[in-house]
Amino acid sequence: MLDISVEEKEQLKLERLQSTLNRACKNVPFHRKRFLEKNILPEDIVSLKDLTKLPFMDRTHLGTHYPYGLFAVPLRDIVRIHTAPGTGTNPSISGYTRTDLLIWKKLVARSFEAAGVTSLDIIQIHLPPGLANWGRDYKDGGEAMGAGVIPNSPLSLNKTLMVLRDYKTTTLVTTPAFALQLMDHMFDRERNPNELNLKRLILVGEPVEGKLVADLEERLHVDVWLNYGLSEIPGPAIAHECRSHCDTHCCGSHCGLHINDDHILPEIIDPATGTPVPMGEKGELILTTLSARAFPLIRFRTGDMARFVPEPCGCSSPLIKLEWLKERADNMIIISGIKVSLDQVKSTLQKALAVPCPDCTVERIRRDGTETLGISLVMDDVLFSDEIKELQQLISQTEKLLAEQVGVPIKICLVQKRVL
């Protein structure tokens, strides 16, 4: 638990915010230009409420300033670089200094401790390739607190289950999609959960419905914990659940998530107007880094919908609490914890198929226990003229191109045009 009073934390946040704004304005032309456009200097921000005077950032800014345009330190000070698919033709990049890595280790360890993990536990990490960077962060955080860690590796479902059993894993870090797949796999093959030493699941990548949490806890005999992360901030444990239980399962397995607001400042706004919403009402989650040296983000629009939980928490943590909601404020869909831009999907389809506006629907589908981005593409005279040959080859090539662009499996199905 963070050993600091609310008043001390607020003062610490303001000091870190002012330091971040000064560093960003001094070292990043993008931020300096935006300050000048608003006729604001970093020293004009004298309270946390003054942050609303500054403009928002979004994912398009990460792509347009690829690769290093948003870094606030020299490249010689960068010790790790993470990449994510991004929402355009360029991937998004985030960087860490040595100090940044130490901070993220501490935040990940904090989330483990909140879930009851100790140095006696064995942590196994199973995340899809699009969240591989988070796998490294969870490994580092687990090792920092002295726990045994089985790093993320591309094992089959059967091999993953074998490792869970034989290595006596107590804590599994994974996505809700894989947790559901694992549970179904075990019961389809009449495997008893008592064969495992598993005590808890830590789920990442997307919010979880209470029914799934209840099913996982009851059938696998585990506690389920939810962590909130964001690849762009960067980090997998921006917020975490605590051990203050909620019998109604209204906010995941417990009663909301504590956000590490001593290092990341949250706001919740009306996504249509950009204005702050009253305490307790839902809106889009906006995040500002307070201690990231290499890659400061200021008022970053996450697209995630959330609400602050105004009621005090039974765990007495001074960290702000929020409820993470399934709906979104942007045009993105989550596949196995990975955010996919629907605009990017349609733009890539347009280029690959050489048509201006392909008629298609996009949805998340689950086949054989795995999640896939499914695209139903309407066959019409414009798209499939006599000039287009080898249709299946074209579709296969487009699937591969899309999968490379967005980082998730793609399945394109051809459908007939509906006749009204």
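In what order do the 11 strands of the open sheet lie? The order is 4-3-5-6-7-8-9-13-12-11-10, and the pairing is mixed. This is a predicted model, in which local features need pLDDT of at least 70 and side-chain atom pairs count only at pLDDT 80 or more, while totals for chains, interfaces and linings use all residues. Residues are numbered from 1 along each chain as its sequence is written, and side-chain values use heavy atoms, with hydrogens and water left out.

Strands (E, at least two residues) and helices (H or I, at least four) are DSSP runs numbered from the N terminus; two strands pair if DSSP finds at least two bridges between them. Strand 4 (148-150) and strand 10 (264-269) form the edges, each pairing on one side only. Within the sheet, strand 3 (residues 122-125) and strand 5 (residues 171-174) run parallel and are joined by three bridges. Ile 123 stands opposite Thr 171 in strand 5.

Helix 4 packs on this sheet and touches several strands, including strand 3, strand 5 and strand 10; contact means heavy atoms within 4.5 Å. Helix 4 (residues 98-114) also packs against helix 5 (residues 132-144), at an angle of about 75° and with the axes 8 Å apart. Axes are lines fitted to C-alpha atoms, for helices over the stretch in contact, and angles run from 0 to 180 degrees between N-to-C directions. Helix 4 is therefore roughly perpendicular to helix 5, a term that covers 65 to 115 degrees. Among the residues making this contact are Val 108 and Phe 112 of helix 4 and Tyr 138 and Asp 140 of helix 5.

Note on methods: Angles under 35 degrees count as roughly parallel, over 145 as roughly antiparallel, 65 to 115 as roughly perpendicular and the rest as oblique.
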